[in-house]
4 protein chains.
Amino acid sequence: MLSVGIVGGTGYTGVELLRLLASHEGAAVTVLTSRAEAGRRVDDLFPNLRGLYDLTFTEPDARALAACDVVFFATPHNVAMNMVPEILATGSRVIDLSADYRIRDADLWSTWYGATHASPELLEAAVYGLPEYNREKMVTAQLVACPGCYPTSVQLGFMPLLAKGLIDPSHLIASSASGVSGAGRQAKIDNLLSEASDSFKAYSVKGHRHLPEIEQGLTDIAGERAQITFVPHLLPIVRGIQSTLFGRLRDRGADLQAVFEDYYGDAPFVDVLPAGVLPQTRTVKGANRCQLAVVVPQDRDTVVVLSVIDNLVKGASGQALQAMNIMFGLDESAGLRQVGLLP
Amino acid sequence: MLSVGIVGGTGYTGVELLRLLASHEGAAVTVLTSRAEAGRRVDDLFPNLRGLYDLTFTEPDARALAACDVVFFATPHNVAMNMVPEILATGSRVIDLSADYRIRDADLWSTWYGATHASPELLEAAVYGLPEYNREKMVTAQLVACPGCYPTSVQLGFMPLLAKGLIDPSHLIASSASGVSGAGRQAKIDNLLSEASDSFKAYSVKGHRHLPEIEQGLTDIAGERAQITFVPHLLPIVRGIQSTLFGRLRDRGADLQAVFEDYYGDAPFVDVLPAGVLPQTRTVKGANRCQLAVVVPQDRDTVVVLSVIDNLVKGASGQALQAMNIMFGLDESAGLRQVGLLP
Amino acid sequence: MLSVGIVGGTGYTGVELLRLLASHEGAAVTVLTSRAEAGRRVDDLFPNLRGLYDLTFTEPDARALAACDVVFFATPHNVAMNMVPEILATGSRVIDLSADYRIRDADLWSTWYGATHASPELLEAAVYGLPEYNREKMVTAQLVACPGCYPTSVQLGFMPLLAKGLIDPSHLIASSASGVSGAGRQAKIDNLLSEASDSFKAYSVKGHRHLPEIEQGLTDIAGERAQITFVPHLLPIVRGIQSTLFGRLRDRGADLQAVFEDYYGDAPFVDVLPAGVLPQTRTVKGANRCQLAVVVPQDRDTVVVLSVIDNLVKGASGQALQAMNIMFGLDESAGLRQVGLLP
Amino acid sequence: MLSVGIVGGTGYTGVELLRLLASHEGAAVTVLTSRAEAGRRVDDLFPNLRGLYDLTFTEPDARALAACDVVFFATPHNVAMNMVPEILATGSRVIDLSADYRIRDADLWSTWYGATHASPELLEAAVYGLPEYNREKMVTAQLVACPGCYPTSVQLGFMPLLAKGLIDPSHLIASSASGVSGAGRQAKIDNLLSEASDSFKAYSVKGHRHLPEIEQGLTDIAGERAQITFVPHLLPIVRGIQSTLFGRLRDRGADLQAVFEDYYGDAPFVDVLPAGVLPQTRTVKGANRCQLAVVVPQDRDTVVVLSVIDNLVKGASGQALQAMNIMFGLDESAGLRQVGLLP
């Protein structure tokens with residue numbers, strides 16, 4: 001039985017880790033930290049967990065965490081980079097759900113996150129935790145940086161096309177839309193129901209923090225420099241991301257449906273829908289699953305890929321758990337068999 | 001042309017006053033204050049108002065307000081009670097949308113609002129601004145206290161039955177539900193879309209601040225002591241209150257549909273629906289209207305009244321504007337001809 | 001391994017049974033019928049089930065169903081009552097999620113459901129499947145009638161008070177609100193998103209079909225005639241029922257919190273919240289759980305009980321699966337360990 | 001006072017015309033037809049209109065309509081094309097909100113709408129009713145074809161760039177999202193709240209009926225052949241369209257903010273937001289307004305335009321009323337002064 005620690009368990013990725021781990025047959029949460037809620041029972045804060053956990057939030061403490069086999073960071077950025085070196089030194093392995101170790105270039109990271117990186121020496125060793133791209137490296141990783149929610153949906157959608165050289169990577173376009181839970185459990189007027197419901201808007205169009213991560217990932221996949229115009233939007237729902245992706249085809253003759261089905265034939269959590277079926281976010285709600293469709297409208301030279309995930313599951317906590325399963329040689333689906341809640 | 005001042009124009013009742021006043025033929029906003037947003041254009045904060053107002057928020061200033069014929073307080077409680085005496089002294093009339101002058105008993109007010117009242121000497125002179133009950137007193141009032149949103153919906157629903165002595169006032173029940181805008185434009189985790197959408201809950205069941213106001217009003221109407229069990233709920237919508245009211249009939253023979261139609265025959269903003277039609281909140285969205293239905297299920301001895309309003313219009317800013325029209329002898333419908341936004 | 005048949009698998013209770021059964025370790029669906037969708041793969045209709053079931057809808061066929069250990073009816077009313085006698089005769093046991101066998105009085109059933117009952121001889125033998133009331137009888141039942149969604153929430157809320165004689169059963173009140181999935185997967189204008197979202201309304205106030213079922217159940221529990229004023233409302237959400245219940249206390253001294261905790265101490269799926277905590281529908285979304293709170297506002301003589309369930313789980317398919325587990329001596333939680341999806 | 005007829009008043013564009021016309025000082029609805037609801041009062045179907053109209057739906061009748069100065073068709077496609085010739089012959093002018101006269105090429109129309117056009121001889125004379133492009137021709141038009149909702153949002157967004165030759169028209173991209181009211185008031189399972197809420201999806205990606213209309217309009221504006229990849233999405237809200245538009249810049253030096261502000265300087269219902277401000281659909285809810293923003297992310301060579309409208313107002317009934325005002329020389333804003341409902 002793996003001993004699991006979670007740093008920052010009061011946010012949405014924290015409670016989602018707890019929901020998923022409750023059905024994991026080979027792992028148990030032993031430490032759960034929160035500065036703000038130390039001393040409070042977790043099921044007092046999250047009553048959906050009543051009867052499942054007899055756990056109380058504690059102050060983050062390196063010694064307690066050192067006793068864990070694996071420590072998840074479900075914290076805002078700028079937290080993990082200060083604590084991870086000490087934890088790794090004790091031999092515990094770390095899975096960071098925040099942005100701290102996603103970008104290999106420390107200067108680029110600083111530009112987008114507005115701070116100097118506290119442990120840049122770990123950036124090269126950190127493994128980018130997208131299993132469909134990086135599974136082998138994850139097996140032995142001491143530190144896994146979980147991809148962001150938007151980057152997961154965009155990279156999984158473009159990957160077959162870029163890996164096969166079927167589209168021009170220099171002018172990619174992603175029009176993505178996310179539920180509000182992606183903004184976290186923070187008191188902000190913009191995310192009030194009265195502000196964000198019954199509406200739709202784009203935001204951060206000039207440049208969103210996920211842009212450099214997306215371009216780094218797509219460049220790795222393509223093997224040549226990728227550039228993307230990425231426009232995120234806010235959906236009046238809690239969970240779900242849909243990315244609508246556009247690329248210019250280099251080769252109009254390819255059977256793209258077959259390319260996708262073949263590419264993801266072995267991926268347990270990427271589901272290429274049958275030709276003619278389009279995904280919707282509700283179908284993957286609560287499930288660790290990416291559903292994809294590929295279409296060439298009017299048989300012209302622009303390909304459209306539709307990619308949906310639950311931002312809190314395949315876009316965050318589910319993917320992190322998938323990483324844990326890979327790192328420790330467990331069944332990759334352990335704790336991840338939830339079925340999408342439809343309707 | 002009336003000169004209008006608004007204190008606290010950055011909340012939802014403030015922007016709603018501005019939306020309604022934009023179509024008022026006899027009044028113009030000349031002063032708009034906000035401590036937090038002083039110096040900012042109002043249409044920068046509320047882009048729906050672009051092209052309608054060339055106004056900038058200013059610090060609250062008694063002299064500037066003194067130049068207004070009427071000053072609206074669209075502030076949280078505890079603000080108006082400190083500023084109103086000075087404004088009344090200059091001869092301006094005041095319409096307070098907050099709770100400060102709604103309860104005549106200063107001690108009772110203190111119990112529920114957790115502060116000592118700063119101008120208790122005005123409580124007796126303040127006129128409770130429910131036009132369907134108090135129109136005559138409002139004509140000459142210098143200070144009108146606008147009813148709360150829940151109290152408006154509950155009092156309008158019970159009024160015909162209590163005024164005619166048809167139900168027992170000692171054991172009334174109100175199960176009410178409000179959209180989230182009733183909680184104001186404040187950054188609170190509980191009111192995030194991720195927390196409040198796709199859910200429904202009761203709150204403040206032990207005792208909500210509107211309880212003493214409701215009981216005061218119902219007692220006035222009934223002419224005998226009224227007690228009510230009032231359970232408010234939070235709806236996952238922005239605007240709208242529905243109150244479902246239960247009373248024990250004293251007289252089972254009365255034609256209640258006729259009683260209601262007769263009682264509100266002259267009320268321009270209370271609409272008794274035809275027998276068999278039930279109201280819904282969307283029908284009055286954006287409109288200064290209360291729609292009512294009265295039913296006696298299974299012809300037993302319990303009567304059910306359904307009462308819907310838009311909490312920001314008939315439950316707040318629309319009712320305040322109606323008060324202004326009455327106080328200044330204007331057409332009662334001026335600025336209040338918006339039609340419910342359906343669908 | 002139990003062999004399970006589902007008649008009418010295209011509605012919301014059908015797909016929900018399939019979602020839950022996918023994680024049941026001791027049962028497998030072998031027959032899935034639908035007249036309208038015969039020949040279509042189930043995961044084509046419900047893409048959340050892709051990878052879980054290799055099943056195609058078939059025409060209902062008594063012989064195929066006879067091979068099942070248990071047959072669920074997830075059909076509209078008036079279907080089961082025609083097919084059940086034949087199935088029972090083959091030795092299969094039946095769990096009916098529809099209303100056909102819930103009311104023991106065939107004439108009363110006819111009054112509310114507008115048809116003559118096709119198999120009234122089974123009404124007395126059918127066991128009302130509310131485990132918290134009827135567990136023992138369910139163990140040996142050949143035919144279980146699953147309670148309606150509203151009746152489940154109302155009965156579980158009132159049960160401790162009525163069973164202990166703490167409230168007057170003659171004038172009970174229930175103000176209930178349900179998500180739209182309760183209306184089923186049927187094309188009706190009233191349930192379009194454009195009609196039902198962003199709004200709230202009462203309906204069927206004169207008399208809802210669940211009224212006689214509720215009164216029958218409450219009368220059984222109380223051991224004396226119970227009457228209730230029941231007002232259902234439509235919530236602009238998919239899943240969830242909250243019932244707000246009002247009763248007049250006979251005994252004001254009782255420790256109601258202790259009464260509830262004691263009464264449900266052994267019930268695995270009824271969760272009495274700690275004093276001061278109020279339930280919300282989102283906390284039980286997707287879970288087979290009823291959460292309850294009991295409050296006496298202002299320490300007067302009216303008690304308020306708040307009861308929430310997911311109408312498709314504890315209000316329908318989860319409760320049906322719980323019945324199956326009880327009938328066949330399985331772990332009562334098998335297939336029912338899903339955690340509420342929060343946020 | 002103009003006499004107005006509305007054919008097909010039971011859909012969402014019909015009730016929206018009635019909402020807007022209620023505040024029009026120079027026009028009155030005299031005939032309102034519906035085959036399905038003939039004999040029913042309009043405020044029985046739409047209770048938000050109570051007190052505003054004393055009108056009953058009638059069977060469509062050419063003679064009654066001939067007495068109107070102007071007749072609106074708020075019907076599904078394939079209706080107007082059969083009735084309009086007769087109405088025009090009587091001298092009444094016609095404003096068609098359906099798709100029947102939007103596409104000049106009758107064969108192209110047939111390909112997309114699956115029927116032979118019944119009055120192709122009118123296609124050339126019909127004026128495409130986008131005031132910002134076609135105002136002059138509309139003044140004298142006998143028959144105006146109102147643009148579709150998506151085409152309005154897309155054309156208004158691209159127009160300044162294409163008219164000035166600033167982008168390449170051969171590879172335009174539009175990722176658009178619409179509220180469900182765009183699908184009309186029709187009983188379809190896909191548009192139930194239980195299906196469409198709390199979700200997001202693309203649809204008609206291979207080819208949506210608005211594609212040929214959009215390309216015809218953009219080609220007219222550009223003066224050279226325009227091609228677009230158009231992906232519509234369904235939003236879980238009632239009203240609102242946002243189009244996120246992508247184009248490749250021919251000239252990177254232009255001040256696009258100034259281009260937009262200058263281009264729409266005289267357009268009363270197109271509002272170019274200040275640089276840095278992004279639109280949201282809620283800001284224009286209920287208002288006849290298009291709000292636009294233009295951004296060049298990362299100062300690369302792809303320009304992004306964000307365009308929002310209320311699909312029922314500027315995307316349908318409001319634009320139709322604007323057409324009427326232009327055709328009859330009335331104040332262009334008559335009946336169109338509603339302010340966006342925020343929050």
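This is a predicted model: local features need pLDDT of at least 70, side-chain atom pairs count only at pLDDT 80 or more; totals for chains, interfaces and linings use all residues.
Visitor: Why is the meeting of D:E195 and A:R282 called a salt bridge?
Guide: The rule wants a side-chain nitrogen of Lys or Arg within 4 Å of a carboxyl oxygen of Asp or Glu. Here N to O is 2.5 Å, so the pair qualifies.

Visitor: How many residue pairs are in polar contact between chain A and chain D?
Guide: That count is 23, with both residues at pLDDT 80 or more. On the chain A side, the elements that each supply at least two residues include helix 9 (210-222), strand 10 (241-248) and strand 13 (302-309). The residues of that side split into 22 nonpolar, 15 polar and ten charged.

Visitor: How do you know how much area chain A and chain D bury?
Guide: You take the accessible area the two parts lose on being put together, summed over both. That comes to about 4100 Å², with 55% of it on carbon and sulfur atoms. In chain A, the residues losing the most area to chain D are A:D198, A:F200 and A:R300, together 15% of what that side buries.

Visitor: Which residues lie nearest its centre?
Guide: Of the 24 lining residues, those are A:P236, B:S197, B:P236, C:P236 and D:P236. The lining divides into 16 nonpolar, four polar and four charged residues.

Definitions and conventions
Residues are numbered from 1 along each chain as its sequence is written. Chains are lettered from A and ligands numbered from 1 in the order in which they are written. Side-chain values use heavy atoms; hydrogens and water are left out. Buried area is the accessible area (1.4 Å probe) that two parts lose on being put together, summed over both. A polar contact is a pair of N or O atoms within 3.5 Å; within protein, one must be able to donate a hydrogen and the other to accept it, and residues adjacent in sequence count only if both atoms are side-chain atoms. Helices (H or I, at least four residues) and strands (E, at least two) are DSSP runs, numbered from the N terminus. Ala, Val, Leu, Ile, Met, Phe, Trp, Tyr, Cys and Pro count as nonpolar, Asp, Glu, Lys and Arg as charged, and the others, Gly among them, as polar. On a 1 Å grid over the protein atoms alone, a cavity is a set of points where a 1.4 Å probe fits but cannot get out, and a pocket is an open set with protein on both sides within 12 Å along at least five of seven lines; lining residues have an atom within 4 Å of a point.
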